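Welcome! Take a moment to look over the sequence and turn the model around before you read on. The report below walks through the chain piece by piece.

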Amino acid sequence: MDRDARLPLALDRSLPLPVGVQIRGQIQYGVTTGDIPRGTRLPSVRELAGALEVSVATVAQAYRELGEQGLLKSRPGLGTFVVARPAP
């Protein structure tokens with residue numbers, strides 16, 4: 001059963017690290033530690049961008065990069081999910 005995630009992300013705009021990198025790193029960390037369980041449906045790009053007060057493009061890029069790393073999988077019409085098993 002897929003679960004919806006309420007991502008506990010916190011951006012620190014005083015850091016020299018771009019917010020997109022912070023988003024990507026926090027999602028990676030959450031998946032690695034199990035705080036974001038495998039199979040979880042992530043918020044839509046628009047939802048997360050609104051919640052974090054960042055551009056849609058910033059969140060879309062973070063999701064895309066995590067997808068390229070094999071951590072996330074987008075399913076058209078259904079959403080973006082943490083993959084059940086990491087890519088080898």
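## Before we start

A residue is called buried when its relative accessible area is under 20%, exposed when it is over 50%, and partly exposed in between, using a 1.4 Å probe and protein chains only. With 11% relative accessibility, Thr 80 therefore counts as buried.

This is a predicted model, so local features need pLDDT of at least 70 and side-chain atom pairs count only at pLDDT 80 or more, while totals for chains, interfaces and linings use all residues. Residues are numbered from 1 along each chain as its sequence is written, and side-chain values use heavy atoms, with hydrogens and water left out.

## The overall picture

The protein chain has three helices and four strands. Here, helices (H or I, at least four residues) and strands (E, at least two) are DSSP runs, numbered from the N terminus. Read from the N terminus on, the order of elements is β-α-β-α-α-β-β. The radius of gyration of the protein chain is 12 Å, close to the 12 Å that the globule rule gives for 88 residues, so the chain is as compact as a globular protein of that length. That radius is taken over C-alpha atoms, and the globule rule is 2.2 Å times the number of residues to the power 0.38.

Along its principal axes, the C-alpha trace spans about 35 × 25 × 20 Å. Of the 88 residues, 38% count as buried. A contact means heavy atoms within 4.5 Å. Among contacts between residues at least 6 apart in sequence, 57% join residues at least 24 apart.

## Helix α1 and what covers it

Helix α1 covers residues 19-33, which makes 15 residues. From its first C-alpha to its last it reaches 21 Å, close to the 21 Å expected at 1.5 Å a residue; the expected span is 1.5 Å times one less than the number of residues.

Which residues of α1 are buried? They are Gly 20, Gln 22, Ile 23, Arg 24, Ile 27, Gly 30 and Val 31. An α-helix has 3.6 residues a turn, so residues three or four places apart point the same way. The cover over the buried residues of α1 includes α2 (45-52), α3 (56-68) and β4.

## The nonpolar core

A nonpolar core is a set of buried Ala, Val, Leu, Ile, Met, Phe, Trp, Tyr and Cys residues joined through side-chain atoms within 4.5 Å. The largest one here has 19 residues, and those with the most contacts inside it are Leu 7, Ile 23, Ile 27 and Tyr 63. Helices α1, α2 and α3 each supply at least two residues of this core, and α3 gives the most, with four residues.

Leu 7 touches Ile 27, Ile 36, Leu 42, Pro 43, Leu 48 and Tyr 63, leaving aside residues up to four places away in sequence.

Leu 52 lies in helix α2 and is buried, with a relative accessible area of 12%.

Glu 53 is found in the loop between α2 and α3. Is Glu 53 buried or exposed? Glu 53 is exposed, with a relative accessible area of 68%. Most residues other than glycine have a negative phi. Glu 53, however, has a positive phi, near 55 degrees.

Strand β3 (residues 72-75) pairs with β4 in the antiparallel sense over four bridges; two strands pair if DSSP finds at least two bridges between them. Arg 75 has Gly 79 of β4 as its bridge partner. Together β3 and β4 form a hairpin with three residues between them, and Gly 77 in the turn has a positive phi of about 85 degrees.

Thr 80 sits in β4 (residues 79-82). The side chains of Thr 80 and Ser 74 are joined by a polar contact of 3.2 Å. A polar contact is a pair of N or O atoms within 3.5 Å; within protein, one must be able to donate a hydrogen and the other to accept it, and residues adjacent in sequence count only if both atoms are side-chain atoms. Arg 41, in strand β2 (residues 40-42), is 39 residues from Thr 80 in sequence and 5.7 Å away in space, C-alpha to C-alpha.
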